[in-house]
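This report describes selected features of one protein chain. Please keep the sequence and the structure in view while reading.

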Amino acid sequence: MTGEAWIGYGSRRIEDKKGKNMMKNSMKRKLQLPVALLLAVSLGVLGCSSTKDKAEKAGTAAKEQGAVSAQAVPVPAAAGAAQTAPADGLAVEVDGEKMTNAELQKAVDRGMTAIRTQIPVEKLTEAEAAMRKDVIEQFITRTVFVKEAERRKVQVPEQEVEKALAQLKSDLPKGMTFEQAMEAEGTTLEKVKSEMRTRLGIRKMILEGKETQPVKPTEKEVGDFYKKNPEQFKMSERVRARHILIALSPGDDEKAKAAKAAKAKDLRAQLAAGADFAELAKKFSDCPSKETGGDLGEFSRGQMIKPFEDAAFSQKKDEIGPVVETTFGYHIIQVLGRQPAGTVPLNRELKEKISGHLASLSQRKAVEQLAKDLRAKAKIVYGQGQGK
């Protein structure tokens, strides 16, 4: 399938992307986490949700004390619950498992650290109140799942814990040791492994539980989804292009810029005379795409810096365009193909994607229902100002 397919949960877009390049990556804002959050965020990958961009996960994983990604039933809570309550006072209790106000506030503070710079000052109080509700919500959901996994006697082999631990260590930023992450988080290896075992147990319970198995949709259900959601399968005009970049450096003066512009023009002349584009890209380009001969894959409008985009969408297929200057440097572009705007056809690949989405959605609903059922049977006590 070419083009874009909108078949994720809600409005999550699934695109057919090819290759990586400096321009795309530079335009993505990455959330920078303080060291104290790294371990908490890394542990977040052990839940039962699909793998997401770590930056996106940070706000959620850091504000939780650890919950599976089952969407839980809303908990009534007072907005901006009192932070002046006694630290050792009760925030919430679930079947004997307690969260104190101090533990609640610590989790809220961690979450706010991750998102504070992304929220207008006037919205911080509202955001903290919402996060407070979320932390309590996640604690309740996590606790009822933990207790259910214990009731079902779910066992997690030690090798699975060790494998998850190895993955966590490999996900830490370059230059940071696991010991540093634990120290920053104020935890120990035993506690980390215990939390991993708990999360893996919940995940195993969900994956193996009869009531939480995904239901494969019928051909008709797949077709109906496609027909009823036309907006999700529209694809914009796309081009596939490759380029050679002669990059500018922050300290370049006019003489250096002129030399680089001349180099780009010389390379273009060689290409126009029949030189192999991929070979020149591998040898001279300053973009990571050089490893694939300068191929950037397909992209639509809005994904590239504007001068580059304007050139790519205006050039004829296969022609070597004029040198284009952007803030990155000087580009020589060749368009390799075009895809007009239209609708993604319901071919076998798309049917499989829709089927997978619907099956996952059925499992997600089943997990949500299990959470509701378990919560309904649990004894939940809220601290003063926190809920019922």
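Within strand β11, the residue Ile380 is the bridge partner of Val94. The model is predicted, so local features are reported at pLDDT of at least 70 and side-chain atom pairs at pLDDT 80 or more, while totals for chains, interfaces and linings use all residues. Residues are numbered from 1 along each chain as its sequence is written, and side-chain values use heavy atoms, with hydrogens and water left out.

**The sheet**

Helices (DSSP runs of H or I, at least four residues) and strands (runs of E, at least two) are numbered from the N terminus. Two strands are said to pair if DSSP finds at least two bridges between them. Strands of a sheet pair through backbone hydrogen bonds, either parallel or antiparallel.

Strand β3 (residues 90–94) is joined to β11 (residues 380–382) by 3 bridges, and the two run antiparallel. A further position in this pairing sets Val92 opposite Tyr382. Strand β3 also pairs with β4 (residues 97–100), in the antiparallel sense, over 4 bridges. Here Val94 stands opposite Glu97. β3 and β4 form a hairpin with 2 residues between them, and Asp95 in the turn has a positive phi of about 50°.

Together, the 3 strands form an open sheet in the order β4-β3-β11, with antiparallel pairing. β4 and β11 stand at the edges with a single partner strand each, so one side of each has no neighbour in the sheet. From one strand to the next, the twist averages 10°. Helix α5 (residues 124–151) packs on the sheet and touches β3, β4 and β11; its direction makes about 25° with that of β3. Contact means heavy atoms within 4.5 Å; axes are lines fitted to C-alpha atoms, for helices over the stretch in contact, and angles run from 0 to 180 degrees between N-to-C directions.

**Aromatic rings**

Rings of Phe, Tyr and Trp (its six-membered ring) pair if their centres lie within 6.5 Å; planes under 30 degrees apart are stacked, over 60 edge-to-face, and the rest tilted. A search of the whole structure finds 4 aromatic pairs. The table gives two of them.

| Pair | Centre to centre | Angle between planes | Type |
|---|---|---|---|
| Phe225 and Phe233 | 6.2 Å | 80° | edge-to-face |
| Phe299 and Phe313 | 6.2 Å | 80° | edge-to-face |

The pair of Phe299, in strand β7 (residues 295–300), and Phe313, in helix α12 (residues 306–314), links parts of the chain 14 residues apart. Residues are buried under 20% relative accessible area, exposed over 50% and partly exposed in between (1.4 Å probe, protein chains only). Phe299 is buried at 0%, and Phe313 is buried at 8%. Phe225 is likewise buried, at 14%, as is Phe233, at 1%. Ring pairs link Phe225, Tyr226 and Phe233 into a cluster.

Arg301 lies over the face of Phe313, 4.2 Å from the ring centre. A charge sits over a ring if NZ of Lys or CZ of Arg is within 6 Å of the ring centre and within 35 degrees of the ring normal.

**Two loop residues**

Lys153 has a phi near 55°, a positive value in a residue other than glycine. Lys153 is placed in the loop between α5 and α6 (158–171) and is exposed, with a relative accessible area of 65%. Asp318 has a positive phi near 80°. Its place is in the loop between α12 and β8 (324–326), and Asp318 counts as partly exposed at 42%.
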